Amino acid sequence: MKRLSILGATGSIGHSVRTLLADAPGLYEVEAVAGGRDVAALAETARALNARFAAIADPAAGRALAEALAGSGIASGAGPSALIEAAQREADVVVSAIVGVAGLAPTVAAFAPGRRIALANKECLVAAGAFFMAEAARQGTEILPVDSEHNAIFQALEAGPRKAVEKITLTASGGPFRLRSREEIARAVPKDALKHPNWSMGAKITIDSATLMNKGLELIEAMHLFALPPERFDAVVHPESVVHGLVSFVDGSVTAGLAMPDMCVPIAHCLAFPDRIVTSCRRLDLVALGRLTFEAPDEGRFPALALARAAMAAEGVAATILNAANEVAVAAYLEGRIGFYGITDTVAATLDRINGGPAPASVADAMEADAQARRAAAVLLPKFSAKAS
Ligand code: NAD
Ligand code: MG
């Protein structure tokens, strides 16, 4: 039986992976699971999946995890070295589903010849995409995109040679504020922003979907995954989230990936590729849907897209800075420290404050630029405090 490890096993993607493993018994046995701080959830996951090893990122949680796993025979560890061990243990496929740039080092540590990374963590491609893809190629590691848009595009690209691709289009749901005025959006509290119309996901990506930064991060992610220049990528708002990505070829043909908005579908593809497995994922019923609609994104109400596009065009370290400032600002917004537009204001101000530089050439480079941007963003945040706006 093939072996699977899951980094970020207790999150939203981790849960979808669990559902799929239940759908396809006998496809994988679980080697390692890793999580952030929630000992009880990680221990429950490790037991349910019969994993051999469990790693918790919180260095202070090692003892509690070992106690929670007592009698199970599951080995465990805590802190950065345990995350690296979880990533490096023998496995055919490693699911990368930690949230944020915290996933970069463990994901790169998981690279090994012949191994597949099922990549959900988009932040590692945003923060260090050029290095990440080159290093994966150097080590003979296969990167398959779990992100629904990129997974759809990966499948749609099989219809023709890369040199015949004219344009790649990612769709965006538009998030919970698609129909709200700028004034209404400015007053939005986290409870409103966390109500995503179509997808059930972790808090950080749900806020990114409300600002449309998620689509900006995904444009950068796509540029690295599919190795085409920035101007070949486009985003269109599609509130039904059924068409996830489209590939336009030079002859006018367009191929697209469709599915219900359920991460079960792209995860199933990544776990079985190039084969297919039978799943209990939701099925598409076009007649029940009736119609699919599309509109241009409004960059006035949603400035994140233009910020991401500028970072994408600048190449270099700009995307690393954008990602770090966004992580800091989203956390501050969720804690009620800044208003909704404080998120993109902080990102813009941080990009203004730090001079550009070359793209990170290693994990250490990326983490250094990330730390510098976090410090700058933390200093700038109070300017955008919830009270001030
Ligand atoms: P989540 O918040 O639900 O789960 C995050 C996981 O990472 C949890 O297991 C958590 O314990 C772990 N974690 C958090 N901080 C950590 C740290 N410092 N070190 C180690 N582990 C840590 O997030 P999610 O929605 O599952 O998203 C995970 C990743 O997948 C994100 O990068 C997101 O952008 C991407 N993604 C998610 C979806 C989705 O539908 N949820 C879709 C596309 C892409
Ligand atoms: Mg996506």
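Tutor: Let's start in a pair of strands. Thr171 stands opposite Val236, which belongs to β9. Keep in mind that this is a predicted model.

Student: Which strand is joined to β9, and how do the two run?

Tutor: The partner is β8, residues 165–172. Between β8 and β9 there are 5 bridges. The two strands run parallel.

Student: Where is Ser241, and what is its phi?

Tutor: Ser241 sits in the loop between β9 (233–237) and β10 (243–249). Its residue type is not glycine, yet phi is positive. The value is near 50°.

Student: Which other residue has a positive phi of about 50° although it is not a glycine?

Tutor: Look in the loop between α14 (304–314) and α15 (318–334). The residue with that positive phi of about 50° is Glu315.

Student: Now the metal. Which residues coordinate the magnesium ion (ligand 2)?

Tutor: The contacts are at 2.1 to 2.2 Å.

Student: What spacing do the donors of the magnesium ion (ligand 2) follow along the chain?

Tutor: Read the donors in chain order: the spacing is D-x1-E-x68-E. Asp147 is in the loop between β7 (142–145) and α7 (148–156), while Glu218 is in helix α11 (residues 213–226). This pair links distant parts of the chain, 71 residues apart.

Student: Are Asp147 and Glu218 buried or exposed?

Tutor: Take the two ends of that link together. Asp147 and Glu218 are both buried.

Student: How many disulfides are there, and which cysteines form a disulfide?

Tutor: The sulfur atoms must lie within 2.5 Å. The count comes to 1 disulfide. At a sulfur distance of 2.0 Å, the pair is Cys264 and Cys281.

Student: What does the link of Cys264 and Cys281 tie together, and what is its handedness?

Tutor: Cys264 lies in helix α12 and Cys281 in the loop between α12 and α13, so the pair ties together parts that are 17 residues apart in sequence. Both cysteines are buried. With -70° about the S-S bond, the link is left-handed.

Student: Which peptide bond ending at Pro274 is cis?

Tutor: Pro274 is placed in the loop between α12 (264–272) and α13 (286–289). Omega is near 5°, and the cis bond runs from Phe273 to Pro274.

Student: Which element gives the most to the lining of the second largest pocket?

Tutor: The second largest pocket has a volume of about 400 Å³. α7, β11 (254–258) and α12 each supply at least two residues of its lining. With 5 residues, the one that gives the most is α12.

Student: How many residues line the second largest pocket, and how do they divide?

Tutor: The lining has 24 residues. Among those nearest the centre are Gln155, Val265 and Arg276. The lining divides into 12 nonpolar, 7 polar and 5 charged.

Student: Last one. How far apart in space are Leu322 and Arg374?

Tutor: Leu322 is in helix α15. It is buried, with a relative accessible area of 0%. Leu322 and Arg374 are 52 residues apart in sequence, and their C-alpha to C-alpha distance is 9.8 Å.

Terms used:
Residues numbered from 1 in each chain as written. Chains lettered and ligands numbered in written order. Predicted model: local features only at pLDDT ≥ 70, side-chain atom pairs only at ≥ 80, totals over all residues. Heavy atoms only, no water. Donors = N, O, S within 2.8 Å, 3.2 Å for Na, K, Ca; no water. Helix = DSSP H or I, 4+ residues; strand = E, 2+ residues; numbered from the N terminus. Buried < 20%, exposed > 50% of the residue type's maximum accessible area, 1.4 Å probe, protein only. 1 Å grid on protein atoms, 1.4 Å probe; cavity = no way out; pocket = protein on both sides within 12 Å on 5 of 7 lines; lining within 4 Å. Points joined across faces, edges and corners; volume = space filled by probe spheres on them. Nonpolar A, V, L, I, M, F, W, Y, C, P; charged D, E, K, R; others polar. Pairing = 2+ DSSP bridges.
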